[in-house]
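Me: I would like to learn how to read a protein model. Please take me through one, feature by feature.

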Amino acid sequence: MRWALIVVRSIATWASGVAATVVGAVSVMLIAAFSDTSPLIDRVIRWWSRVWLVASGTDLEVKGGEHVDSDTSYVVVANHLSTLDIMACLLAVPLP
């Protein structure tokens with residue numbers, strides 16, 4: 001029975017994620033057609049990330065986020081423990 005729950009959860013996660021990807025991609029393309037530096041693009045990307053993480057039941061806890069300086073450039077590297085690393089990085093690091 002547990003495997004059935006895992007399968008249903010996986011299908012629901014992927015369905016939500018794919019739908020959010022389509023909506024987000026179209027939204028970003030439309031916004032970028034008018035202004036490729038619009039802050040709305042970052043909002044759409046963060047929404048997309050949040051949909052994937054919420055749908056998968058992932059809890060994201062950020063420690064040290066207050067030390068990130070928005071006037072400094074950073075290279076963010078994930079160790080890819082899961083396919084959700086990208087979404088977690090996009091939400092965890094408060095930078096455009």
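Me: Among contacts in the protein chain between residues at least 6 apart in sequence, what share join residues at least 24 apart?

Reply: Contact means heavy atoms within 4.5 Å. In this chain, 71% of the contacts between residues at least 6 apart join residues at least 24 apart. Before we go on, note that this is a predicted model: local features need pLDDT of at least 70, side-chain atom pairs count only at pLDDT 80 or more, and totals for chains, interfaces and linings use all residues. Residues are numbered from 1 along each chain as its sequence is written, and side-chain values use heavy atoms, with hydrogens and water left out.

Me: How many helices and strands does the secondary structure of the protein chain come to?

Reply: Helices (H or I, at least four residues) and strands (E, at least two) are DSSP runs, numbered from the N terminus. Here there are three helices and zero strands. The pattern along the sequence reads α-α-α. The C-alpha trace spans about 50 × 35 × 20 Å along its principal axes.

Me: What percentage of the 96 residues in the protein chain do buried residues make up?

Reply: Buried means under 20% relative accessible area, exposed over 50%, and partly exposed in between (1.4 Å probe, protein chains only). In this chain, buried residues make up 20% of the 96. Take Ser49, in helix H2. Ser49 counts as buried because its relative accessibility is 0%. Beyond residues up to four places away in sequence, Ser49 touches Met87, Leu90 and Leu91.

Me: Which residues form the largest nonpolar core?

Reply: A nonpolar core is a set of buried Ala, Val, Leu, Ile, Met, Phe, Trp, Tyr and Cys residues joined through side-chain atoms within 4.5 Å. The largest one here has seven residues: Ala20, Trp48, Trp52, Leu53, Leu84, Met87 and Leu91. Helix H2 (39-56) and helix H3 (85-92) are the elements that give two or more residues to this core. H2 supplies the largest share, three residues. Now look at Leu53. Leaving aside neighbours within four places in sequence, Leu53 is in contact with Thr58, Leu60, Leu84, Met87, Ala88 and Leu91.

Me: Which residues of H3 are buried?

Reply: They are Asp85, Met87 and Leu91. These residues are on the same side of H3, because they cover an arc of only 165 degrees around the axis. That arc is taken from the directions from the helix axis to the C-beta atoms. H2 is included in what covers the buried residues of H3.

Me: Which residues make a nonpolar surface patch?

Reply: Patches are made of residues with over 30% relative accessible area and no salt bridge: like charges are joined within 9 Å, nonpolar side chains (Val, Leu, Ile, Met, Phe, Trp, Tyr) within 5 Å. Here Trp14, Val18, Val22, Val26, Met29 and Leu30 make a nonpolar patch of about 610 Å². Val22 sits in helix H1 (residues 2-34). Accessible areas come from the Shrake-Rupley method with a 1.4 Å probe; for residues, only the protein chains shown count as cover. The protein chain exposes about 7,200 Å², and carbon and sulfur atoms supply 66% of it.

Me: Which residue forms a salt bridge with Lys63?

Reply: A salt bridge is a side-chain nitrogen of Lys or Arg within 4 Å of a carboxyl oxygen of Asp or Glu. By this rule the count is one. Glu61 is the partner of Lys63, and their closest N and O atoms are 3.7 Å apart. Both Glu61 and Lys63 are exposed.

Me: Is Trp47 buried, partly exposed or exposed?

Reply: Trp47 counts as partly exposed, because its relative accessibility is 38%. Trp47 is found in helix H2. Neighbours within four places aside, Trp47 is in contact with Ala20, Val23 and Gly24.
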